[in-house]
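Give the cut-offs behind each term as it comes up.

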Amino acid sequence: MTTTGEHTLPTLGRDVALERGMAGTAAPSPGILHLGYGNFHRAHQAVYTNAAVQSHGGDWGIVGVANSSREVVYAVESQDHLYTVVTIAPERTEFQVPRVLAETLVAAQQADRVVAQIAAAEIKIVTLTVTEHGYTFEPSTGGIDLANPLVQHDLQVVDQPRTSIGQIVRGLQARMRASGAPISILSCDNLGGNGDRTRDIVTDFIDHLPGDQARDLLTWVESQVTFPNSMVDRIVPATNDAHRDRVATMCGYRDAVPVPAEPFTMWVIEDRFAAGRPRWEAGGAIFSTEVDRYEQMKLRLLNGTHSLIAYLGALSGAETIPASVGQAAVADAAHRVLTGEYLPSVDLPGGVIAADYERALFGRWSNTALGHRTSQVGSDGSVKLPQRVCTPALQALGEGVMPQHLALSVAGYLACIAPLDGFDPGPHAHAMSDPARPALGALAARSTDGRTMARAVFESEEIFPSELAAQGDFVARVGEYVDIISTAGVASAIDEAALTHQPTTRA
C-alpha cells in the first residue's frame, strides 16, 4: 500500500486487477520473446498483442528481456507483471493495463535463460526493440561488427552471449539441435529494411562462427526462420514522477512503472511468419507488401525531421520537442527539411497524402501534454543520422543542390555531442547519450574550427559512409554550420539555412 495525501492507495497487481474486473488477469502462455524490454515495447507491441489475445485468444504471452537494467523488470515482477499505459493528449488522458507479460529476464545476468527460451519450441516469434546501436553491425559493410569485443566474445562463448545478435544466434543454434521448430525474428527498430538487415547481420555472425558450426545452421536458418520487415511508430517518452502521480490520482492505485504514450500508433508488418502469429490486426496493425515505403516515409519524414527539431531545440534551450517546434524558426526549418529535402527522396505508400501526413506529424510534435524530451530524441545520433540523412543528401547533391537543412541537422548533432572548445551547447545537449561521444569529443578537441572538425568526422568514416564523405562541399557546409552555431548561436544558423534553402526535386 502507498499513501498519497490523505489516501492510502493499493499498488497495482493481481488483486487490484481482480477487484476492478480488468480483462485477462492471467497472462497467456508464452509464445513471444522480446529483446529490449523498455517503454516503447510496453506501449506498442505489447498493446497490439494484448488486443490480439483479447479478441482471438492464443498462447501469445510475452517473455520480456531487458538488456542489463533490473529496474523495470523488478517493478513489473512486484506488480504481477502488470503496468499501466497512459495515453496522453492535451484534451484527455486514457489508461490501459495490458495482460500479456508472462515472464521477465535480464540478459546481462540470465543469458543462458534467454538462449534456452529462444530454443524452446513454444516460442514462435522473437521481437526486438534494442535501438539501432543494439544490432552491433558495421555501418560500412552492413555485417556484424567484428571489431566489437562483445561480438568476439559471443563468437567464442556458447552459453553466455552478451549481444542481442549473439543471443539470437545461440538460441537458434540450440533450437535447431533440440526441436528444429520454425521461428520468426521480427525487428521493430528504426532500421531501413529492418527484417532484411537483421537477417544479414545474423547470417554474417553465423558465417564467422569458429570450426564447422556455420554450415548446418545457415542451411536450417534459411529454411526454418523468417525475418519479416516492419515499421513501428508511436512517441513514447521516458517515465517520470508526474506520470506516476497521474495514475495514482486518476486510477486510484500506485504503479511504479507506467508508460506514457501519445494517442497515435502504427505498426506495418510484412506477413511472413514461419510458425504463426497473433492477430495483431485486432489492435490496428497493418499487414502490407509496402513496408519498405512506410519505413522510408517514417525514417526520413518523421525521424529525420524529429532529429533536426531535437538538436535545434536543445541548442536553443528547449527541454521538450513541443517547446522546440513551438519556436517559429525551428518549425520553419522542420517544414523546409521535411518537404524540400526529405520528401523528394521518399516513395509514399499507396493512399498516403504528403500534406496530410505532414500536418499529422506537426500535431504530434506539438503535444505539450506528452513532454517528449529533446535529449531523448537526440540520443544515439551516430547510428540514427546516417540512415536518415545520407540518401536524401546524395540525391540533392547529385542534382547540384546543397541540402542546407540536412547539413544543419548533422552540424546540430555535432555541436550537441562534441562541441568545439569554448562552446557550451547547454544541459539538454549534455544529457544526450551517444556511443560515439568519446571519439567525436577527441576529434573536436583537436580541431581548430568547425570545418576542420567536420572534415575529420567524415574522413574517419566511423559514422557516415564514404559516398557522403566524398562530397566535399557538403562536408564543408556542415563545418560552416558548426562554426555559426559555435560563434553566433543556433538562431543564426537557422537563419542562414533559411536564406540559402533550395528544395530538391523528385528523382
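Thr136 sits in the loop that runs between strand E8 (125-128) and helix H6 (149-156), where helices (H or I, at least four residues) and strands (E, at least two) are DSSP runs numbered from the N terminus. The model is a predicted one, in which local features need pLDDT of at least 70 and side-chain atom pairs count only at pLDDT 80 or more, while totals for chains, interfaces and linings use all residues. Residues are numbered from 1 along each chain as its sequence is written, and side-chain values use heavy atoms, with hydrogens and water left out.

**Backbone angles**

- Although Thr136 is not a glycine, its phi is positive, at about 40°, and Thr136 counts as buried at 12% relative accessibility (buried is under 20% relative accessible area, exposed over 50%, and partly exposed in between, with a 1.4 Å probe and protein chains only).
- Glu461, in the loop between H20 and H21, also has a positive phi, near 55°, and Glu461 is partly exposed, with a relative accessible area of 38%.
- Most residues other than glycine have a negative phi.

**The second largest pocket**

- This pocket holds about 800 Å³ of space; a pocket is an open set of points on a 1 Å grid over the protein atoms alone, where a 1.4 Å probe fits and protein lies on both sides within 12 Å along at least five of seven lines, and the volume is the space filled by probe spheres set on the points, which are joined across faces, edges and corners.
- The lining consists of 30 residues, and Phe137, Pro139, Ser382, Glu462 and Ile463 lie nearest the centre of the pocket; a lining residue has an atom within 4 Å of a point.
- Helices H16 (381-398), H19 (437-445), H20 (450-460) and H21 (466-469) each supply at least two lining residues, and H16 gives the most, with five residues.
- By type, the lining divides into 14 nonpolar, nine polar and seven charged residues, where Ala, Val, Leu, Ile, Met, Phe, Trp, Tyr, Cys and Pro count as nonpolar, Asp, Glu, Lys and Arg as charged, and the others, Gly among them, as polar.

**Nonpolar cores**

- The largest nonpolar core has 88 residues, of which Leu301, Trp365, Leu440 and Phe474 touch the most other members; such a core is a set of buried Ala, Val, Leu, Ile, Met, Phe, Trp, Tyr and Cys residues joined through side-chain atoms within 4.5 Å.
- Helix H11 (residues 291-315) contributes the largest share of this core, twelve residues.
- Apart from this core lies another, of 35 residues, including Leu105, Leu172, Ile201 and Val221.

**Salt bridges**

- The whole structure contains 23 salt bridges, each a side-chain nitrogen of Lys or Arg within 4 Å of a carboxyl oxygen of Asp or Glu.
- Arg336 and Asp332 form a salt bridge (2.7 Å, N to O), and both lie in helix H13 (residues 328-342), four residues apart, about one turn of the helix.
- Salt bridges that share partners join Asp271, Arg277, Arg279 and Glu281 into one network.
- Arg70 pairs with Glu77 in a salt bridge (3.4 Å, N to O), and Arg70 is partly exposed at 32%, as is Glu77 at 32%.
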